[in-house]
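Hello,

Here is the structure I promised to pass on. My notes follow below.

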Amino acid sequence: MSNSVNGPARMTGRAWGVLLVLCGAIFLEGIDVAMLNVALPSIRADLGLSTGMLSGVVSAYVLGYGGFMLLGGRAADLLGHRRMFVAWLSVFLLFSGLGGFATEGWMLLAARFVTGVAAAFMAPAGLALVTSTFPEGRVRTKALGVYAGTAAGGFSLGLVAGGVLTSFGWRWVFFAPVILSALILVAALALLRDTGGERARGGFDLAGSLSITGAMLLLVYGVVRLEHPGDGPLLTVATFVAGLALLGLFVAVERRSSSPLVRLGILRNASLVRVNVAALLFLVAFAGFQFLATLYFQEVRGWSTMQTGLAMLVIGIDAVLAPTMTPRLVNRFGNARVLFGGIVLAAVAYALFLPVGVDWAYTAMLPALLLLGLAFALVYGPLTMAATEGVKEQEHGLAGGLLYTAMQFGMALGLSAVTAVSVSAGTGLDALRTALVVPLAAALLGVVVLAFGLRAPVASPEPAQESAPATV
């Protein structure tokens, strides 16, 4: 993989400015999702939403994000990373604000869907801007560590911010991101520029775009429907069949296209496939655990949204550790070992939380939550770093799209899996304990997947470069 032509040799003041803008955007995306999850009960009470409509508020974002992510990644490569980042950040800002003015459920669903689409175009463009701005080696490792740590911090700190804002009114959960988006947009217009690297050639693959977007929408919708397995099982099966059929059509189209949306050869990269599978499994586990822990704190223990957010704040140590500790570990041990160690810690954390009881003291839960925060710091950053290793620079947007698609599918699948298991197991704490097996199983499977990456040879660094992290 070639170095960035115009990337800084070290972290200059301007480089830090560029990185802070991109970190602000990915933090915005994470905190937006986490804050909404905390505000859902208040939204239901105010707008009188049914359970189905309320889950649809979350699902609408997932559909937009997961359905358009691959298209967003390729669009960034073809049309320019800066252009797509700025344009879709503007859309994100607008529709987040519209969500705050919603007076009916359908208005909220529409706003969340378009916000998810905006994130699908913005996220891979932002990751590509990071990798193309900073040269491969220690500088890029540091930049990606800060970037990934900020993203992870958005998820964990969003729970606390959501609890605080909801106490003033749930609409602030939508208005607050507007203020942050506006500040980031002004800074982006002033600081960001395309790096001048070679842009991907070819036209827009319309047939591929339509087929993959349709396939992703149907498959994500099918996963969401798994939350209630007894609710129209035939429709759920039909949704998956239609999604897989469109996915098959997409593969056929890409094989014949002169300028494919997704160059299928990229999937021959074993490291890239392993990274995306690991990302999916890690988010299956984390999203499922976060949902179950929230239910435990609020429904079993009767804690408020503020207390729940503060209880899970300890997971936010990843926001500090990921940009400081993780890059040093990656430079010393390589992505493969750091990733493996992180997901092992996650599995241990989920195992420690399995015997949770009604009268557990917070100090009994603390070791599991601390380990999970540490695991997130060790996994999220190296996943982001590894997503573009061995990939041509002009395909970094596509690689980012693949990674974020895997993550979004993982989140959707994790929520659906723990909900389905919990519902089938009955009610109360016993059902919750049964569902806690899902995050543990997903993490253990991730351990197995990443174990194969430990065998990957470490490439010798070029004489003129600083050593790059080991491949995964």
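Which residues lie nearest the centre of the largest pocket? They are Leu40, Phe291, Leu295, Glu299 and Thr419, out of 42 lining residues.

Some ground rules before the rest. This is a predicted model, in which local features need pLDDT of at least 70 and side-chain atom pairs count only at pLDDT 80 or more, while totals for chains, interfaces and linings use all residues. Residues are numbered from 1 along each chain as its sequence is written, and side-chain values use heavy atoms, with hydrogens and water left out.

**Pockets**

The largest pocket holds about 1,200 Å³ of space. Helix H1 (13–47), H2, H9, H15 and H16 each give two or more residues to its lining. H9 supplies the largest share, 9 residues. The lining of the largest pocket divides into 22 nonpolar, 16 polar and 4 charged residues. (Ala, Val, Leu, Ile, Met, Phe, Trp, Tyr, Cys and Pro count as nonpolar, Asp, Glu, Lys and Arg as charged, and the others, Gly among them, as polar.)

The second largest pocket has a volume of about 500 Å³. Of its 21 lining residues, Leu70, Met216, Leu267, Leu402 and Thr405 are the closest to its centre. Helix H7 (206–225), helix H8 (233–256), H9 and H15 give two or more residues each to this lining. By class, the lining of the second largest pocket has 19 nonpolar, 2 polar and no charged residues.

On terms: the search runs on a 1 Å grid over the protein atoms alone. A pocket is an open set of points with protein on both sides within 12 Å along at least five of seven lines. A cavity is a set of points where a 1.4 Å probe fits but cannot get out. Lining residues have an atom within 4 Å of a point. Grid points are joined across faces, edges and corners, and a volume is the space filled by probe spheres set on the points. Helices are DSSP runs (H or I, at least four residues), numbered from the N terminus.

**Cavities**

The whole structure has 2 cavities of 30 Å³ or more. The largest cavity contains about 130 Å³ of space. It is lined by 13 residues, with Glu29, Tyr65, Phe155, Tyr380 and Gln408 nearest its centre. At least two lining residues come from each of H1, helix H5 (138–168) and H15. The lining of the largest cavity has 10 nonpolar, 2 polar and 1 charged residues.

**Aromatic pairs**

There are 15 aromatic pairs in the structure. (Rings of Phe, Tyr and Trp, the last by its six-membered ring, pair if their centres lie within 6.5 Å; planes over 60 degrees apart count as edge-to-face.) Phenylalanine 68 and phenylalanine 113 make an edge-to-face pair, at 6.3 Å centre to centre and 80° between the planes. This pair links distant parts of the chain, 45 residues apart: phenylalanine 68 sits in helix H2 (residues 51–79) and phenylalanine 113 in helix H4 (residues 105–133). Phenylalanine 68 counts as buried at 19% relative accessibility. Phenylalanine 113 is partly exposed, at 29%. (Buried means under 20% relative accessible area, exposed over 50%, partly exposed in between, with a 1.4 Å probe and protein chains only.) Elsewhere, ring pairs join Phe289, Tyr296, Phe297, Trp303, Tyr350, Phe353 and Trp360 into a cluster.

Glycine 67 lies in helix H2. Its relative accessible area is 2%, so glycine 67 is buried. Leaving aside neighbours within four places in sequence, glycine 67 is in contact (heavy atoms within 4.5 Å) with Val62, Ile212, Thr213, Met216 and Leu217. Glycine 67 and threonine 405 are 338 residues apart in sequence, yet 8.2 Å apart in space, C-alpha to C-alpha.

Leucine 261 is in the loop between H8 and H9. Leucine 261 is also buried, with a relative accessible area of 2%. Beyond its neighbours within four places in sequence, its contacts include Leu70, Arg74, Ile212, Phe250 and Leu398.

Buried residues of H17 include Val438, Leu440, Val447 and Leu450. Among the elements that cover the buried residues of H17 are helix H9 (270–300), helix H13 (335–353), helix H15 (396–425) and helix H16 (428–435).

Best wishes

Definitions and conventions
Rings of Phe, Tyr and Trp (its six-membered ring) pair if their centres lie within 6.5 Å; planes under 30 degrees apart count as stacked, over 60 as edge-to-face and the rest as tilted.
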